[in-house]
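Hi,

Here is the structure I promised to pass on to you. Have a look at it first, and then read my notes below.

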Amino acid sequence: MRARSPWPLLLALFACGPERAQTVGKTPDPGSKSTVCATYNAAIAGAREGPFAGNVMSCDPGVVDPASAARALALMNAYRSFLSLPPVTASAALNTKAQACALMMDANDALSHTPPTSWRCYSEAGAEGAGSSNISTAPIVSSIDLFMLDPGNETTLGHRRWIISNGLTEVGFGSAPQGSCLWVVHPFQGDRAWTAWPAPGPFPSGALRDRFANLDNTGWSVQSDTIDLSRAKVSVTSAGQPRPVSTSALLPNFGSGTAIKFVPQGWSATVGETYAVQISGIGAVIEYSVEIVDCGV
């Protein structure tokens, strides 16, 4: 077995006019800074990994640690609340398949959405989980932030898009010491015109980066199931000054029909600054502002 990388790896799943003056879609209202920070701080408090109840040597997946699953779910739902998206729930049946998936990722020191039957600890349940999950080489609690920052997925940002996608209602959690699976695949649905990350309104600076990745490097994003964003143009200003960005269309059908990312060029998101984003070239205009706040943790 090859040496393990000190950097967690991620693998996201693929599923298959003239400009108008008015803006399109309603900007989410996450509430005040104090509300956002209270939600964020509660979600990350004690966000540690629980014990692994399985056994890789005997190919026993065990069950996902309930406290770990609850912590991962709380963080997911905190992030969704910043976007005024409804909370999701964990399914016991999906947890079982995701846990079998996590065992396989750990046992084989590899990631695959289509694991071969020759894999150690292969199971049909684990393969089904692999085919419907975000996958990481880290355990599940720490993987939520990795999925939202999404390093190594420059053309899709698929992990993030699945977590904050329209119509997501149920998820499944699987976690092993060196592997996790988050069942997120579902039909695209919902009437939201667009979803942006970082979320509009007050946004915790702690969610911008961790020791493995930085949102200013992986990219800010906007996704939609109803608007074609493939030719979108993005402008960002702060304190009346333009903040240059490099804009790219993302591959379709990773948690949303279309999506773009834009990467800051020569600047980084700073506490106390508010960034006004305008997206044009889509037959209408999307406008929103992100205020970076220090939540004191």
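Which residue in S14 does Val 277 stand opposite? The answer is Tyr 288.

First, some background. This is a predicted model, where local features need pLDDT of at least 70 and side-chain atom pairs count only at pLDDT 80 or more, while totals for chains, interfaces and linings use all residues. Residues are numbered from 1 along each chain as its sequence is written, and side-chain values use heavy atoms, with hydrogens and water left out.

Now the strands (DSSP runs of E, at least two residues, numbered from the N terminus; two of them pair if DSSP finds at least two bridges between them). S13 (residues 274-280) pairs with S9 (residues 233-238) in the antiparallel sense, over five bridges. In that pairing, Val 277 of S13 has Val 236 opposite. S13 also pairs in the antiparallel sense with S14 (residues 286-293), this time over six bridges. S13 and S14 make a hairpin with five residues between them, and Gly 281 in the turn has a positive phi of about 80°.

Next, the aromatic rings. Rings of Phe, Tyr and Trp (its six-membered ring) pair if their centres lie within 6.5 Å; planes under 30 degrees apart are stacked, over 60 edge-to-face, and the rest tilted. The count is eight aromatic pairs. One of them is Trp 220 with Phe 262, tilted, at 5.9 Å centre to centre and 45° between the planes. This pair links distant parts of the chain, with Trp 220 in S8 (residues 220-224) and Phe 262 in S12 (residues 258-264), 42 residues apart. Tyr 79, Phe 82, Trp 197 and Phe 203 form one aromatic cluster.

Enjoy exploring!

Notes: Helix = DSSP H or I, 4+ residues; strand = E, 2+ residues; numbered from the N terminus.
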